[in-house]
Each structure stands twice: as C-alpha cells, then as structure tokens.
Amino acid sequence: MENRARIVTEIVRRIKEQAGAEFPILVKLNATDGFRPNSQRADMGIEISQAIETAKILEKAGVCGIEVSGGMSKTSGETIRLAINSPTKEAYFREYSKAIKKAVNIPVILVGGIRSLSVMEHLLENGFVEMVSMSRTFICEPDFVLQLKSRKTTKARCVSCNLCFDIEGIKCNFEFN
Ligand SMILES: Cc1cc2nc3c(=O)[nH]c(=O)nc-3n(C[C@H](O)[C@H](O)[C@H](O)COP(=O)(O)O)c2cc1C
Ligand code: SF4
C-alpha cells in the first residue's frame with residue numbers, strides 16, 4: 001500500500017516544500033473502484049480495507065482532509081449514480097466514509113448523491129462524516145448553499161441524470177418543467 005500511495009505522498013511532500021507545511025491539502029480518495037478482486041493479481045483494484053490503509057498513509061503524510069468517493073467509469077461497479085430520487089438513495093458511499101472516519105483523526109468529507117438537508121444532518125450527527133460535498137447539484141444550482149442557509153429550499157433540484165457530461169461544455173441539460 002505504501003508503494004501504491006507513493007505518487008500521492010510524493011506530491012503532498014513537494015506541495016508542502018513549495019507552499020509551506022501549513023498549506024491545506026485535501027485528497028479525494030476512492031473507497032472502492034469497482035474492479036472485481038483478482039486472485040492472481042492482488043495488486044488489482046481497491047477495496048475498502050485498502051482504502052483505509054491509504055487514508056492512514058495520507059494522514060501520516062500531512063493531508064488535512066479526505067473526501068471519500070468511489071467507482072470508475074470503466075468498471076461495472078460503483079460510479080456516478082443515476083436517479084437519486086429518494087433520501088435512501090442519497091449519500092451512497094456513506095458506509096465507506098464511516099469506516100474511514102473511524103480509522104483517521106483528520107476530517108472526512110463525503111461526496112456522491114447528497115441532495116437533502118435532512119440527509120446532510122443525519123450524516124453529520126451520526127458519525128458518518130465531518131463535512132459533506134456535492135458536485136452535480138452545483139452545476140444545476142450554483143447558489144444551493146445560500147438557498148439552504150436561507151431555508152429557501154431543503155432539497156436540491158438536480159435529478160442525477162448525468163446529462164451534464166456534455167462534450168460541448170459542462171452545463172445542466174435537464175429540462176425542468
Ligand atoms: C461533469 C462532471 C465532471 C466530473 N469530473 C470529475 C473529475 O475530473 N474527477 C473526479 O474525481 N470526479 C469528477 N466528477 C465526479 C464528482 O466530483 C462527484 O464525485 C460525483 O459527481 C458524485 O457527486 P454528486 O452526486 O454530488 O454529483 C465529475 C462529475 C461531473 C458531474
Ligand atoms: S444535467 Fe442537471 S439535473 Fe441532470 S445530473 Fe446534471 S446537473 Fe443534475
């Protein structure tokens with residue numbers, strides 16, 4: 001695991017050399033990549049036990065926070081999920097972030113299908129994360145945080161259709177009524 005994490009720990013070391021030891025560095029970490037475990041190639045793929053080891057290595061390297069994600073577009077397993085239309089479908093990597101949070105003392109951030117204020121509060125209050133983050137939501141509603149703050153809404157409009165993966169430029173292409 002030390003060798004597999006080496007490219008990141010080297011980058012972290014060089015950033016700190018150039019920008020100072022206190023410069024905050026966050027790492028987005030796959031908790032699993034969706035490759036099937038391969039008995040002949042133990043070095044293939046990432047599973048949660050290996051992600052936990054990597055998280056500990058990153059903490060030791062001086063990273064100040066880890067954003068937990070998962071999946072790769074070329075694997076059949078986890079990826080950027082579609083049709084997140086109920087709170088139970090939200091925060092689909094939550095068990096991974098909880099496991100990683102137990103293993104490290106730096107803040108753990110969760111990304112992936114987080115859409116509702118109630119889900120965010122549940123995650124924060126029940127030991128899943130220190131912070132939440134979102135992506136597609138902000139393509140759809142760049143002011144979503146301000147809307148939450150003012151209680152104008154408690155849920156993102158984004159329907160998780162992935163039409164924003166647009167070769168001509170990333171934008172929300174879903175036609176709302
Ligand atoms: C248009 C688009 C481009 C993305 N590009 C990247 C990327 O380059 N690297 C990455 O780690 N994740 C990328 N993501 C994934 C997001 O960072 C995020 O992990 C994922 O969309 C799940 O969060 P969400 O449900 O809040 O959108 C991209 C997502 C979108 C929608
Ligand atoms: S196209 Fe719009 S609604 Fe669909 S996932 Fe992207 S931001 Fe969300």
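1. An axis here is a line fitted to C-alpha atoms, for helices over the stretch in contact, and angles run from 0 to 180 degrees between N-to-C directions. Please keep in mind throughout that this is a predicted model.

2. With that in hand, the axes of helix H2, residues 48-60, and helix H3, residues 94-103, come within 9 Å and cross at roughly 40 degrees. Angles under 35 degrees would count as roughly parallel and those from 65 to 115 as roughly perpendicular, and H2 and H3 are therefore oblique to each other. Their crossing is right-handed.

3. Which residues make the contact between these helices? On the H2 side they are Ile48, Ala51, Ile52, Ala55 and Lys56, and on the H3 side Tyr96, Ala99, Ile100 and Ala103. By class, the residues of this contact divide into eight nonpolar and one charged, with no polar residue among them.

4. The sheet is open and is formed by four strands in the order E1-E2-E3-E4, with parallel pairing. Its edges are strand E1 (26-30) and strand E4 (131-132), each of which pairs on one side only.

5. Within the sheet, E1 and E2 pair in the parallel sense over five bridges, and Asn30 stands opposite Ser69 in E2. Strand E2, residues 65-69, also pairs in the parallel sense with strand E3, residues 108-110, over three bridges; here Ile66 stands opposite Val108 in E3, while Val68 stands opposite Leu110 in E3.

6. Turning to the ligands, there are 14 residues around ligand 1, of which Val111, Gly113, Met134, Ser135 and Arg136 come nearest. The shell around ligand 1 divides into seven nonpolar, five polar and two charged residues.

7. Which residues come nearest to ligand 2? Of the 13 residues around ligand 2, these are Cys158, Cys161, Cys164, Cys172 and Phe174. The shell around ligand 2 comprises nine nonpolar residues, three polar residues and one charged residue; in reading that division, note that Cys and Phe both count as nonpolar.

How values were computed. Residues are numbered from 1 along each chain as its sequence is written. Chains are lettered from A and ligands numbered from 1 in the order in which they are written. This is a predicted model: local features need pLDDT of at least 70, side-chain atom pairs count only at pLDDT 80 or more; totals for chains, interfaces and linings use all residues. A residue is near a molecule or strand if its C-beta atom, placed from the backbone, lies within 6 Å of it. Helices (H or I, at least four residues) and strands (E, at least two) are DSSP runs, numbered from the N terminus. Angles under 35 degrees count as roughly parallel, over 145 as roughly antiparallel, 65 to 115 as roughly perpendicular and the rest as oblique. A crossing is left-handed if the near helix is turned anticlockwise from the far one by less than a right angle, and right-handed if clockwise. Two residues are in contact if their C-beta atoms, placed from the backbone, lie within 7 Å. Two strands pair if DSSP finds at least two bridges between them.
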